[in-house]
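Good morning, and thank you for joining this group meeting. Please look at the sequence and the structure while I speak.

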Amino acid sequence: MKNKLFEKYFVFSPYFWLVLFFFIPLAIIFKISISVSEWGMPPYQDIFLFDNGFKINTTFENYVYIFSDYYYIGSFVNSLILALISTFFCLLIGFPLAFYIATSNIRLRNILLVLVVIPFWSSFLLRVYAWKIILQNNGILNVILLNLGITSEPLQLLYNQYAVIMGIVYTYLPLMILPLYGYLNKFDLNFIEASKDLGLNRIKTFFKVILPLSVPGIVAGSLLVFIPVVGEFIIPEMLGGSDRLYYGKILWEEFFVNRNWPGASALAFSGIIILVLPIVIFQILYSRWSEKNEI
Amino acid sequence: MDNNFLVIENISKSFGDNKVLENINLNISKSEFFGLLGSSGSGKTTLLRILGGFEKPDTGRVILDGTDITNLEPFERPLNYMFQSYALFPHLNVFNNLAFGIKENFTQKEIEINVRNIAELLSIEHLLNRRIKQLSGGEQQRVALGRCLIKKPKLLLLDEPLAALDKKLRSKTQLELTTLQKKLKITFVFVTHDQEEAMSLSDRMAIMKNGLILECSSPEEIYENPKSLYTANFIGIANIIEIYKKDENFYSDDLGINFKLNKELKNTKTNILLRPEKIKIQSMNNLKTSSFNSFSGEILEKSYLGSFTRYEIKIKNMIISVLDQNFNSNSNYNFPKGEKVICSWESESIKVLED
């Protein structure tokens, strides 16, 4: 009897997790985002006041403030562009790799998969810091370029958006490869042979057969890269320069430098809504489409 | 008939240390329905894939209609390959699957006409808007066939064309496939592990084992006059009897009887084949045993198969299979278990297996 009860409620544990660690924090952020800011600890007023009778003390000033200043919107747009570019490059590099792994023999496949996962075993910070050492003015790459005579003076490789994109593509590549591999693994190679047999060369076969049949894997991998990159803070902070501001950095500064918690919360909450809503809509449309197309 | 329409010349293929094909030579005529029969690992599928261009042979050439196609890519070959899994594209409907191979070179209108024609030929007009997953196995087989035939190939390769179908559908499709092939006059080469399928479809067939072709002939010839012990056992039911020369005749120790052969033998010891339907069984009362080409035995097992009854008859140290046609509609006609019977045969029915 006790086991039955356990089984019955066990299925709800993911929801419990989701409520405790996602919806409640989200509600707290929303609450802070609509409160009035003040100097103090914490730096905002309560939204329910009881001193002279019950009074609701909320404001949407914070949202108005964020959306009327291009500083905030611009950083969010920068982050979206960064995420799009990074996802594109992850896909460009990740797809052929995932396809190669999925179609190689079992021994080589396992070795390659381990190689994909190995970077996860070392600290994320350390890996990004290593890129700093490689790219800095007296770093390995510049030393090699100078010695080969390709440049006469060290190149400024660090502290710009290209270094940020490179760092992100490097870090997030496994997140693209693994779901793609999981999908391509089930890919029937006879489809490729059938396409060639029916007269399509390699390039046409790729666009008419391989690509359309890989859409679910591409979608999964791209979302897994795109979503976290929008909020990425550490990589732009360590490898990026002052030429471009990103959402994660602005959020950090708003919280910890300006100590404007309501403003930062409004920024965070808007970001989640702007990012999550289109993705949810996309997911619904996509699942309908894939159901119809039997992929 | 042009006997050299498809010429397979000295084809060998290894995967690592594993020799899959050893010096294969075959000539296939135009409009022939040719079967490659072998158990798994015989190399038959590798040979078909070499013809399709999916594998490159280590040595040898493939010549189709006078052109050497050995080094052509699959998409450059004037032939098509029907996969065992059919490999129909799940992201396209039936119409677009059929049109897949002709989209490049035809106008929309021509595509439309071609697809309609092929769909009519295969009676799948009503399925054109369906998705692949909505089709039954038999329907998928037709779409796969149509997708190849729409390209009007010189040669169609079929990998186990009927293996994915259930038994009843299989015999129906077998008949349709031969009718279609005779009508279109396209050369078909197919691979199968099923000897019945090979016999009923093929004009000629090759028996493959361990990367070699053991025999290549018409199904009748292979069944009636197999050259090797392996073929005799592989095709149909076979009674294999070991005999050796004793005085003027041949003698079997297992059966304890003399055989009269029409033929001179190279060896003093050999195997002979006696197909079960060539053996006539009669009741003990009717006949007396003669020492040549007949023996008396006891029925150990019998299984009633409708048109035939199969008996397992024990004589001395050996059990012989006999298929007896149920000629008489009286159900008591069958011999009961344990009955002593006389078996006899024509001496022409005895086939010597030299290899």
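I begin with a definition: a helix axis is a line fitted to C-alpha atoms over the stretch in contact, and angles run from 0 to 180 degrees between N-to-C directions. This is a predicted model, in which local features need pLDDT of at least 70 and side-chain atom pairs count only at pLDDT 80 or more, while totals for chains, interfaces and linings use all residues. Residues are numbered from 1 along each chain as its sequence is written, and chains are lettered from A and ligands numbered from 1 in the order in which they are written.

Let us take one pair of helices in chain A. The axes of α8(A), residues 161-184, and α10(A), residues 202-230, come within 8 Å and cross at roughly 155°. Helices here are DSSP runs of H or I with at least four residues, strands are runs of E with at least two, and both are numbered from the N terminus. Angles over 145 degrees count as roughly antiparallel, and α8(A) and α10(A) are therefore roughly antiparallel to each other. Residues are in contact if their C-beta atoms, placed from the backbone, lie within 7 Å. On the α8(A) side, the contact includes I168(A), Y172(A) and L175(A); on the α10(A) side, it includes S214(A), P216(A) and G217(A).

How many helices and strands does chain A have? Chain A has 13 helices and 2 strands. The radius of gyration, taken over C-alpha atoms, is 24 Å for chain A, well over the 19 Å that the globule rule (2.2 Å times the number of residues to the power 0.38) gives for 295 residues, so chain A is more spread out than a compact globule. Its C-alpha trace spans about 80 × 70 × 40 Å along the principal axes.

Chain B has 8 helices and 20 strands, and its C-alpha trace spans about 80 × 50 × 40 Å along the principal axes. A residue is buried if 20 or more other C-beta atoms, placed from the backbone, lie within 10 Å of its own. Buried residues make up 36% of the 355 residues in chain B and 29% of the 295 residues of chain A.

Finally, the cores. A nonpolar core is a set of buried Ala, Val, Leu, Ile, Met, Phe, Trp, Tyr and Cys residues joined through C-beta atoms within 7 Å. In the largest, of 68 residues, M82(B), L156(B), L157(B) and V189(B) touch the most other members. Helix α4 of chain B, residues 137-149, gives the largest share of this core, 5 residues. Apart from it lies another core, of 46 residues, among them Y44(A) and L175(A).

Conventions:
Buried ≥ 20, exposed ≤ 12 C-beta atoms within 10 Å, placed from the backbone. Parallel < 35°, antiparallel > 145°, perpendicular 65-115°, else oblique. Contact = placed C-beta atoms within 7 Å.
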